[in-house]
Amino acid sequence: MLSIPTHRALPCAPRLVGPLPGPRARALIERDEAVTSPSYTRGYPLVVERGEGCMLQDVDGNIFLDMTAGIAVTSTGHAHPEVVRVIQEQAARLLHMSGTDFYYAPMVDLAECLAERAPFPENPDGARARVFFSNSGAESIEGALKLARYYTGRTQVVAFLGAFHGRTYGAMSLTGSKAIQRKHFGPLVPGVTHIPYGTHASLDYLESKLFPAVLPPEEVAAIIVEPIQGEGGYIVPEDGFLARIRDICDRHGILMVVDEVQAGMGRTGRLFAVEHWGVLPDVVTLAKGIASGLPLGAILARPHLMTWPPGSHATTFGGNPVACAAASKTLQLLEAGLIDNAYQMGLGLQAGLTQLAGRFNRVSPPRGKGLMVAIDLLDAAGNLDPQLRDRVVDAAFYRGLLLLGCGKAAIRFCPPLVIDNDQIQVALDILTGLCTDLT
Ligand SMILES: Cc1ncc(COP(=O)(O)O)c(C=O)c1O
């Protein structure tokens, strides 16, 4: 297939050459611990040297199978040769000029591609979306929040418990994930109301209790929602949940902002996860997988919403030409087969995890879409067991499998979208071995 490189220098399965962490890894971690912020959350001692597809090599020559994609980022696989080529070519031509003050083609090319694909209604008068480029997910969310307040002239925002939107002040104020992310950082941005995620009961509460009593809908600028909750545990909402948010927004002149930072860019088997439910939002935020690993984010908005005037919102680095070139190539590769691959491989992964759950009562059935899949680890009574989850994630590393947790006791599977059947089977075999030993 065009989009999955066939030449591979690294093996396709884990290969550990010595006890972990090796001497080079230990030395680098020691240096890191002396100079970097203690706020980072490294779970296991992985010191990466290079990557290719779904495989990573550490500084001691150990080979790992990566089911994390660097937190759902390297959508086309680590160092996809075509992405690397366009990055190199663009870097040699122009590294930076700032799209805020000047024009260059890679930014317009990408904006056109995104606007053509935006999950918005057709616009007979021109482009289907306007695009603002940022550098990260949090920055995309900040901009979307500002845009919603600016356009509606309203101050209040509804967000969801369990949501993660980033760590800058606006994004942190919308985030409803873990108390540690807020503790001692207040005061936060005012005007945010959190309600439970994913259920009709929660939207009943919003409409029948909050709107009439404490949150006049005429003061709500936006409802900001992840189509599948990411850091919160890869939670798929109830059917009709997103459509009902659309309806509430329509009835009250509220903007529906869909945060596709983690679920977007093909990961769920559709370019945008919201497409699974056929809902057309007003604003979409993107980052993570958009540029295969280069820092880039984007806000897509229905064209009539971007009324903010010159100078009202901008950023020096957003829309960097190298990142934009990488993103255009990423989109091309996604559409040339990787979105389909995410869908197909996701089915295989979920089938394998369903079997695992059938064999081990400490493992929940899987949930998710495409290659955005999670299982929960459970105690003997069937309750969520965060300690067991941490032990499984840790032990997987020592067998060459890279996993990440999310939610309270979930393991998420968000590999590069180039993963193949053999690699999925390797991951399932390692997990089966771990479940046999640990549960
Ligand atoms: C849904 C969602 N939105 C926003 C963010 C923030 O992105 P960033 O870490 O690039 O600021 C994340 C990060 O995990 C995310 O998952």
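**Reading a predicted model: ligand shell, helix and strands**

Colleague: Which helix gives the largest share of the shell around the ligand?

Modeller: Helix H5 (residues 137–152) does, with three residues. Helices (H or I, at least four residues) and strands (E, at least two) are DSSP runs, numbered from the N terminus. This is a predicted model, in which local features need pLDDT of at least 70 and side-chain atom pairs count only at pLDDT 80 or more, while totals for chains, interfaces and linings use all residues. Residues are numbered from 1 along each chain as its sequence is written.

Colleague: Which residues come nearest to the ligand?

Modeller: A residue is near a molecule or strand if its C-beta atom, placed from the backbone, lies within 6 Å of it. The shell has 14 residues, and Gly137, Ala138, Gly166, Val261 and Gln262 come nearest. Sorted by class, five are nonpolar, six polar and three charged. Here Ala, Val, Leu, Ile, Met, Phe, Trp, Tyr, Cys and Pro count as nonpolar, Asp, Glu, Lys and Arg as charged, and the others, Gly among them, as polar.

Colleague: How many residues of H5 are buried?

Modeller: Buried means that 20 or more other C-beta atoms lie within 10 Å of the residue's own; 12 or fewer is exposed, in between is partly exposed, and C-beta atoms are placed from the backbone. In H5, twelve of the 16 residues are buried, so the helix is mostly covered. Among them are Gly137, Ala138, Glu139 and Glu142.

Colleague: What span should the 16 residues of H5 have?

Modeller: The expected span is 1.5 Å times one less than the number of residues. For H5 that comes to 22 Å, and the end C-alpha atoms are 22 Å apart, which agrees. Just after H5, glycine 153 has a positive phi of about 70 degrees.

Colleague: In what order do the four strands of the open sheet stand?

Modeller: Two strands pair if DSSP finds at least two bridges between them. The order is E11-E12-E15-E14, with antiparallel pairing. Strands E11 (367–369) and E14 (404–406) are the edges, each pairing on one side only. Neighbouring strands of this sheet are turned by 30 degrees against each other on average, direction ignored. E11 and E12 (residues 372–376) are joined by three bridges, and glycine 368 has valine 373 of E12 as its bridge partner.

Colleague: Which helices lie across these strands?

Modeller: Contact between two residues means C-beta atoms, placed from the backbone, within 7 Å. Axes are lines fitted to C-alpha atoms, for helices over the stretch in contact, and angles run from 0 to 180 degrees between N-to-C directions. Helix H9 (residues 321–359) lies across E11, E12 and E15 (410–413), at about 5 degrees to E12. Helix H10 (residues 386–397) lies across E14 and E15, at about 40 degrees to E15.

Colleague: Is strand E5 largely enclosed or largely open?

Modeller: Four of the five residues of E5 (residues 156–160) are buried, so E5 is largely enclosed by the rest of the structure. E5 runs parallel to E7 (residues 220–225), with three bridges, and parallel to E6 (residues 192–195), with four. Valine 158 has isoleucine 223 as its bridge partner in E7 and stands opposite threonine 193 in E6.

Colleague: How many residues lie between the strands in the hairpin of E1 and E2?

Modeller: Two, and glycine 53 in that hairpin takes a positive phi near 60 degrees. E1 (residues 48–52) and E2 (residues 55–58) are antiparallel and share four bridges. E2 also forms a hairpin with E3, with four residues between them, where glycine 61 in the turn has a positive phi of about 95 degrees.

Colleague: Which backbone values deserve a second look?

Modeller: Most residues other than glycine have a negative phi, and most peptide bonds are trans. Here a cis bond joins leucine 20 and proline 21, with omega of about -10 degrees. Another cis bond runs from glycine 186 to proline 187, with omega near 0 degrees. Alanine 69 has a positive phi near 50 degrees and counts as buried, with 29 C-beta neighbours inside 10 Å. Alanine 72 has a positive phi of about 60 degrees and is buried too, with 26 other C-beta atoms within 10 Å.
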